[in-house]
Amino acid sequence: MAEMNDHGGHTVMRYPVGVALAGGALLGIFFMARGANTAMVLHGFLFLAFCVGGIFLLIRQAYAAPTDAAGTTYNDAVTRVGVIISMFWGVVGFLAGLVIALQLAFPELNFDLPWTNFGRLRPLHTSAVIFAFGGNVLITTSFHVVQRTCRARLAGEIAPWFVLWGYNLFIVIAATGYLLGVTQSKEYAEPEWYADVWLTLVWVVYLLVFLATLWRRREPHIYVANWFYLAFIVTVAMLHIINNLAVPVSWTGTKSYTLFAGVQDALIQWWYGHNAVGFFLTAGFLGIMYYFVPKQAQRPVYSYRLSIIHFWSLIFLYIWAGPHHLHYTALPQWAQTLGMTFSIMLWMPSWGGMINGLMTLSGAWDKLRTDPVLRMLVVSVAFYGMSTFEGPVMSIRAVNSLSHYTDWTIGHVHSGALGWVAFVSFGALYALTPILWRRQRLYSLQLVSVHFWIASIGIVLYITAMWVSGILQGLMWRAYDSLGFLEYSFVETVAAMHPFYVIRAAGGALFVVGALVMAYNLWRTVRGDLRSEALPAAQPSPAVAPAE
């Protein structure tokens, strides 16, 4: 990873990278020839294609004209590609979510085929939104933010590209595996052993790129957004390795068996699962919030001291909260209570971060009327506050007895995923695109407003339908008649959910439409088009907006 800044250093690094890619291509051929099933053969081909493509890119780079500005300019090429990939996966993930929402409302849409079955499409949707869309947004924004806040070029010329394309190879392997029935059956950790090994390698390089960029910084202070990004990278690596410790049945097969069993396996899984939410979907995206909200508002962070308190308290408390997913199970009650206690304590630092983000607009609240991108970022912070209040409440054992296994949990997850994660990602991508392509502004600010309102209505329909549906489910499941028998059969509770599932699908459809509007807006921005529309007087000038 330690490429040198001069052109000769990059030339030297091409040889070992080329040898590694050639070895990887041979490994792909081996899996294609000896794969125990169709999935392994396909994934061997994908790995071969990745390595051959990498070799061709190295050759192309070798014959490209050398640039002597490598040490003085930012590496925006990799972040530009990251923006495009992020938007692509966002649309794919939201469409997959709409399909499975329609399948729950209208089961005939499963088509009685294994590849279109809800059981296979559901983890495809989850991974496409969280890891494909969210993960690419995190990699892209972290590469952008660490360069600007350190005033240093991203470390390495080959390594950042390896991180981006290697991560997306993992996504494609995971997604095709789900459709073919390859899964560990672990929530948020479905990919099998060989995909996990590849992701570990990619993630180590990601960490080294980030650390090396911090090391070469020309800014003495490490900005707090980088603290959150670094916590996200390091902790996700630890979680991923421990939760995915497994023994393969064979080196040419897809099946493996986890190292843990019984309640220990459940505890490890939800230690991983809750902290995947805590560090992937919270800490990483807080890094986005702490950079893009002040940048878009053109205001300093409300309280830098509060941001440091927010960081350390969140990092310490979150790691203990996982056992609250296992109330009323074989897990010892003291461990359940520990998880519940730390979950409740998390409310305070989470709201400290929310207040810090919202109060950054002090003296600039009028910008919400004129800047729809800032409006999207600020609403995401409000959803962060709402979700981090609802989560601790749902972790309380008495509340959990009603909410667990119901659609209330689905509503909670999506209020955070759509309102917090997706909205802050949308705001970041809107803010990044004109900067990376050096455009005067976005193609259309009015289309950003259209996207904001369509998506907001979709979120409200989705989460309110799931809240009502979930509470109704919980009450029906534990309703008894005068003789002490269950008052409703399970199928009756399923039938009662139908209208709410239709409303959820309608909300999801609106969210997909909003994402398509955004994709169109970004595409026209990249082309350099400007829509003729009245711009608000308070719109920031292009000379101030880029984070240079």
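Which helix gives the most to the lining of the largest cavity? Keep that in mind as you click through this predicted model.

**Stop one: the largest cavity.** The structure holds 3 cavities of 30 Å³ or more, and the largest of them has about 220 Å³ of space. Select Phe 131, Tyr 188, Leu 199, His 240 and Tyr 272: of the 21 lining residues, these are the closest to the centre of the largest cavity.

Now colour the helices around it. Those that put two or more residues into the lining are H4 (118–150), H5 (159–179), H6 (193–215), H7 (224–243) and H8 (262–297). And there's your answer: H5 gives the most, with 5 residues.

**Stop two: the second largest pocket.** Next, move over to the second largest pocket, which has a volume of about 830 Å³. To find its centre, select Val 17, Leu 21, Ile 158, Trp 161 and Phe 162, the closest to that point among 27 lining residues.

Which elements give two or more residues to this lining? Show helix H1 (7–34) and helix H2 (38–62), then bring back H5 and H6. Highlight H2 in particular: with 10 residues, H2 gives the most to the lining of this pocket. Colour by class once again, and the pocket lining divides into 20 nonpolar, 4 polar and 3 charged residues.

**Last stop: both sites together.**

Methods: Residues numbered from 1 in each chain as written. Predicted model: local features only at pLDDT ≥ 70, side-chain atom pairs only at ≥ 80, totals over all residues. Heavy atoms only, no water. 1 Å grid on protein atoms, 1.4 Å probe; cavity = no way out; pocket = protein on both sides within 12 Å on 5 of 7 lines; lining within 4 Å. Points joined across faces, edges and corners; volume = space filled by probe spheres on them. Helix = DSSP H or I, 4+ residues; strand = E, 2+ residues; numbered from the N terminus. Nonpolar A, V, L, I, M, F, W, Y, C, P; charged D, E, K, R; others polar.
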